[in-house]
Amino acid sequence: MSIQAKIGPSILNADLANLAEESQKLLDNGADYLHLDVMDGTFVPNLTFGHPMVKCLRNKIKEAFFETHMMVQNPEQWIAPMSDAGVNLYTFHIEPVEDVCKVTRLIQEAGMKVGLAIKPGTSVKDIEKYVELADLVLVMTVEPGFGGQSFMADMMPKVEWLRNNYPNLDIEVDGGVGPKTIDCCAKAGANWIVSGTAVVGAADQRQVIGDMRNVVKSYLK
Ligand SMILES: O=C(CO)[C@H](O)[C@H](O)COP(=O)(O)O
Ligand SMILES: [Fe+2]
């Protein structure tokens, strides 16, 4: 099966007091999945929400595909509760993890797909030995921790390397991605696109989501 273009809004900069409504609006406007940023205040210097909130969101939004971007020091700890909360794709950073193979196995056993994420300072070579275990690789295009930062175009060689070596891999980019930077990401080979501020704050979310998806599609073989 060939890879597809997917746009997943990050709700990090949305009104979290109205998370279900904000999420439903994004889905109604064409989002392919929701990217839920989980931060523990240790792996990154910020704190968001955990599995209780994801579970409440799942109770209100039954059908959508949920990815949790786990910016946490111990991703193994949250596998069972996130699975119970209805998460579909559990994306974790390899940097703090000693046994990446074990964590990927536990995620699969819990019934979720596996995403492997790398920070800007992590070489793509560090993830090479694990790629075959993953459903998706996330190349961060900002330092994880906060929404609304500037896109790091110098991460694109990592995306290019992954696309050249794994033509069928789902490759995600996250951080500062929007209408101005989508071409760069799509050209490098990314096909899962996280976009927070640019989509959530857009006057016409449907237009922005549709335009970005079209750019990604135009580069897919
Ligand atoms: O993981 C993240 C930050 O660590 C967010 O997903 C990301 O920053 C999205 O927001 P924006 O598009 O505003 O940069
Ligand atoms: Fe994220």
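What kind of unit do E2, helix H2 and E3 make? Together, strand E2, helix H2 (residues 51–60) and strand E3 make a right-handed β-α-β unit. Right-handed here means that, with the strands pointing away from you, the path from the first strand over the helix to the second runs clockwise. Keep in mind that this is a predicted model, where local features need pLDDT of at least 70, side-chain atom pairs count only at pLDDT 80 or more, and totals for chains, interfaces and linings use all residues. Residues are numbered from 1 along each chain as its sequence is written, chains are lettered from A and ligands numbered from 1 in the order in which they are written, and side-chain values use heavy atoms, with hydrogens and water left out.

**The big picture**
- The protein has 9 helices and 8 strands; these are DSSP runs (H or I, at least four residues, for helices; E, at least two, for strands), numbered from the N terminus.
- Of its 221 residues, 53% count as buried, and buried means under 20% relative accessible area, using a 1.4 Å probe and protein chains only.
- Its C-alpha atoms fill a box of roughly 40 × 40 × 35 Å along the principal axes.

- E2 pairs with E3 (residues 66–71) in the parallel sense over 6 bridges; pairing takes at least two bridges found by DSSP.
- Opposite His35, you'll find Glu67 in E3.

**The nonpolar cores**
- A nonpolar core is a set of buried Ala, Val, Leu, Ile, Met, Phe, Trp, Tyr and Cys residues joined through side-chain atoms within 4.5 Å.
- The largest one has 66 residues, and Phe92, Leu116, Leu162 and Ile193 have the most contacts inside it.
- A second, separate core has 9 residues, including Tyr33, Leu89, Leu136 and Leu138.

**A look at Ala31**
- Ala31 sits in the loop between helix H1 (19–28) and E2.
- Ala31 counts as buried because its relative accessibility is 11%.
- Leaving aside neighbours within four places in sequence, Ala31 is in contact (heavy atoms within 4.5 Å) with Ile7, Pro9, Leu26 and Ile209.
- Ala31 and Ile209 are 178 residues apart in sequence, but 6.7 Å apart in space, C-alpha to C-alpha.

Key
Buried < 20%, exposed > 50% of the residue type's maximum accessible area, 1.4 Å probe, protein only.
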